Amino acid sequence: MAAFSYFAFTAAFITLGVALLAYLWATVGQQKRAARVATVFSYNSAALLTASLGSRWIAAGHAPYSNQFEFATSFAWGTLATYLYLEFKYRLKSLGAITIAIAFGLLVYASTLPARIDPLIAALQNNILILHVGSAVISYGAFACAFAAGLLYLLNRNDRVAWLPAREVLDEIGYKAIIIGFPAQAMLLILGAVWAYTAWGRYWGWDPKETAALVTWLIAAFYLHARAQRGWHGTRSAVVLMVLFGAVVFTFSGNLFLGGLHAYSGL
Amino acid sequence: MLLIGLIAGGVFAGTVIMQAPASVAASPDNFAAWLAQPRGKYGEPWAALFGALDLYRVFSSLWFRALLAVLTLSVVVCTVNRMPGIVASVTRPTVRVPERLFERAPLRAELSVATADAGQAHAVASRVLRANRFRVVPWQDGDAPAVFADRNRFGKYGTFINHIGIVSILGAAVMGGAFGWRDDGFMVPEGSTRAVGHGTTLSLKSESFDDEYWPQGMAKDFRSEVVLYDDGAEVARKTIRVNDPLDYKGIRFHQAFFGPAAVMRVRDGEGKVVHEDGVALGYELKGGAGADGTPGSPISRNGGYFTLGRRNGLPTLAVWVVMPANIREADPEIPAGSVRLEIFEPRQARPSAIETLPQGETREILGHTFEFVRERQFSGVQISYNPAVNLIWLSCGLMVLGSMAVFYFPLRRVWVRVDPTPAGARLRVAAVTNKDVLFAREFERLTLAIDRELDQHRVNKDGAA
């Protein structure tokens with residue numbers, strides 16, 4: 001099972017690499033056929049990654065959230081899944097050049113990490129783990145897509161880049177990604193609170209990773225309020241999306257340098 | 001909006017800059033001593049600047065609490081301000097619109113109907129909208145029958161539900177802080193019983209403690225068999241684990257940490273046992289000055305104390321029990337299997353006696369006979385009581401459900417107007433939207449559906465004719 005998981009990981013890794021090249025070619029070269037190839041490869045990669053994580057889950061006897069390799073792979077999966085959902089919904093492929101690059105980057109990062117299957121330490125033996133990290137996978141994936149939309153918006157600020165989608169569409173996709181990510185991030189925080197209450201009898205402890213996740217959520221809240229009440233659209237909104245993704249990266253990599261209650265999950 | 005930005009900035013500062021532990025931040029002296037740490041880490045002038053801005057205890061600082069209070073207030077004010085407008089727009093929507101809307105709306109469509117009259121076209125449009133889960137309100141503009149239709153109008157209330165949730169989370173946090181309590185350092189040696197305190201009549205006994213490890217050396221399981229007594233009567237019994245606390249009337253006992261304990265037996269001058277109990281060696285002693293003022297040992301040791309007798313409100317003796325922390329690291333002063341006793345008399349800064357005592361042996365010190373009976377472990381338990389915690393969960397639920405209502409059930413509004421023409425009717429559809437691609441697509445679908453239904457009508461009519 002573990003060997004199959006690793007094999008599927010490698011296959012997903014290669015497939016996603018091909019998908020990335022195809023997305024780049026499709027976007028920059030305006031190739032319809034390349035775009036179709038890109039989509040087919042990313043669906044295949046998503047399926048392989050699902051198989052890899054699923055078989056790892058079975059092999060380890062616990063959800064694949066016990067070390068940084070598993071986190072990186074899961075977050076790559078989350079980014080890929082949210083992107084494919086948005087692509088399916090909006091029939092817009094140029095976002096893929098960035099989101100698939102992020103997912104691919106996460107897999108590259110994962111492949112540099114020890115891929116051993118670790119047993120679950122006592123503190124993590126709680127089924128809330130699945131939902132807690134599952135929410136993170138969804139919200140970070142959604143925020144990565146929002147970042148991609150924001151970045152393309154900034155690249156195409158004057159609607160001069162012919163091969164990029166219209167600005168209005170990018171602006172709206174950014175928003176659509178946020179309304180997936182924002183409640184998921186809230187669930188992440190709440191489930192963390194429920195877990196902390198089970199484990200330590202307090203629902204909030206100002207733990208560094210906890211506060212970093214709260215900052216991420218607050219930035220998303222800022223984006224939503226700026227949009228709904230001050231009519232922020234376009235460039236200003238896109239800049240907020242950049243900052244938001246910065247907070248996601250900070251929170252995600254926080255295990256490595258922040259210390260605190262999430263520090264056990266190291267490499 | 002500015003407030004959210006400020007709070008995000010504050011929380012960020014609290015994440016990046018090292019924070020003094022709560023126990024340190026609470027005491028001015030300890031906090032002053034702790035400040036040496038950031039000075040070493042950040043150097044001047046940064047350390048002084050962060051200090052001046054009170055960034056080492058962000059989450060207990062006055063400015064952060066003030067920000068949260070202002071946020072709560074502004075959420076309440078905003079919600080109350082917006083409430084009447086939103087309620088009115090839901091309960092009394094703009095049904096009648098001027099004809100020019102159909103010429104200028106961002107989403108609009110026009111169908112000319114040759115074979116049906118205005119009334120029939122109106123009925124068709126209403127039917128299609130209803131089939132798409134719209135609420136349909138018919139109205140009349142002169143001789144033109146018209147329709148106002150909306151969907152998900154109650155989704156608008158989600159914003160109130162969400163903000164009520166947020167405000168009540170903050171309220172519940174304040175309540176929990178005011179009426180709840182917690183004890184992070186409660187230690188019970190195996191076989192011993194300790195009073196819980198905090199105004200309760202509870203006491204907790206640890207029957208046994210076990211720790212298990214994976215072959216890789218990582219912790220697999222920690223568990224304590226505990227028994228809870230209320231006024232001396234057993235009321236609960238459970239094996240508590242890290243993720244599985246004991247809950248008794250809202251007071252929760254969490255397995256949190258563990259360490260060595262020593263069972264000590266003390267007899268007075270007449271040979272009567274005056275003390276027989278475990279002492280949790282919960283203090284880690286390393287470096288620093290020894291209790292007798294000598295430079296501390298570089299060897300890690302664990303220690304704990306108990307007191308004997310009581311005279312004039314003070315214990316007659318305080319007994320520190322110290323043991324090497326690591327059996328693999330030989331301690332030059334305390335052999336393995338022995339404890340060192342440091343015995344203090346009232347108001348003395350230095351111990352009156354220091355003795356090393358192997359297990360099973362007795363020693364006469366200051367009129368008492370001390371015996372180190374055996375080594376055991378203690379259970380470190382976090383005890384918490386938070387009467388507002390269910391309100392927290394309820395509020396969290398409201399917060400999430402409210403935001404989902406707003407996001408996933410967006411309000412949709414469509415107006416239809418049918419003007420009779422000599423040839424039949426002219427049907428116009430309009431919607432006001434903020435550039436929503438998905439709704440634009442749905443609008444197109446709706447218009448097509450109306451057109452198709454009208455076609456059907458045409459065929460039927462032709463067939464009948």
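Q: Start with K205(B): which residues does K205(B) touch, not counting residues up to four places away in sequence?
A: K205(B) touches V188(B), G191(B), S192(B), T193(B), E225(B), V226(B), V227(B) and Y229(B), with residues up to four places away in sequence left out. Contact here means heavy atoms within 4.5 Å.

Q: Before going on, what are the ground rules?
A: This is a predicted model, where local features need pLDDT of at least 70 and side-chain atom pairs count only at pLDDT 80 or more, while totals for chains, interfaces and linings use all residues. Residues are numbered from 1 along each chain as its sequence is written, chains are lettered from A and ligands numbered from 1 in the order in which they are written, and side-chain values use heavy atoms, with hydrogens and water left out.

Q: Back to K205(B). Where does K205(B) lie?
A: K205(B) is in strand 6 of chain B. Strands (E, at least two residues) and helices (H or I, at least four) are DSSP runs numbered from the N terminus.

Q: Is K205(B) buried or partly exposed?
A: K205(B) is partly exposed, because its relative accessible area is 21%. Buried means under 20% relative accessible area, exposed over 50%, and partly exposed in between (1.4 Å probe, protein chains only).

Q: What joins the side chains of K205(B) and E207(B)?
A: A polar contact of 3.4 Å. That term is for a pair of N or O atoms within 3.5 Å; within protein, one must be able to donate a hydrogen and the other to accept it, and residues adjacent in sequence count only if both atoms are side-chain atoms.

Q: And which residue forms a salt bridge with E207(B)?
A: R237(B), with the closest N and O atoms 3.1 Å apart. The pair links distant parts of the chain, since E207(B) is in strand 6 (residues 202–213) of chain B and R237(B) in strand 8 (residues 233–241) of chain B, 30 residues apart. A salt bridge is a side-chain nitrogen of Lys or Arg within 4 Å of a carboxyl oxygen of Asp or Glu.

Q: How many salt bridges over all chains?
A: By this rule, 34.

Q: Which residues are linked in a network of salt bridges?
A: E99(B), E103(B), E110(B), D141(B), R417(B), D419(B), R426(B) and R428(B). Within it, E103(B) and R426(B) form a salt bridge with their closest N and O atoms 3.8 Å apart. These two link distant parts of the chain: E103(B) is in helix 7 (residues 101–104) of chain B and R426(B) in strand 20 (residues 424–431) of chain B, 323 residues apart.

Q: Why does E103(B) count as partly exposed?
A: Because its relative accessibility is 41%. R426(B) is also partly exposed, with a relative accessible area of 27%.

Q: Switching to chain A: which residue does R227(A) meet in a salt bridge?
A: D171(A), at 3.4 Å from N to O. R227(A) is in helix 7 (residues 208–229) of chain A and D171(A) in helix 6 of chain A, 56 residues apart. Both R227(A) and D171(A) are buried.

Q: What about K176(A), buried or exposed?
A: K176(A) counts as buried, at 12% relative accessibility. K176(A) is found in helix 6 (residues 167–200) of chain A. Leaving out residues up to four places away in sequence, K176(A) touches L86(A), Y90(A), D436(B) and L438(B).

Q: How much area do chain B and chain A bury between them?
A: About 4300 Å², 67% of it on carbon and sulfur atoms. Buried area is the accessible area (1.4 Å probe) that two parts lose on being put together, summed over both.

Q: How many salt bridges between chain B and chain A?
A: The count is 0. There are 10 residue pairs in polar contact between chain B and chain A, both residues at pLDDT 80 or more.
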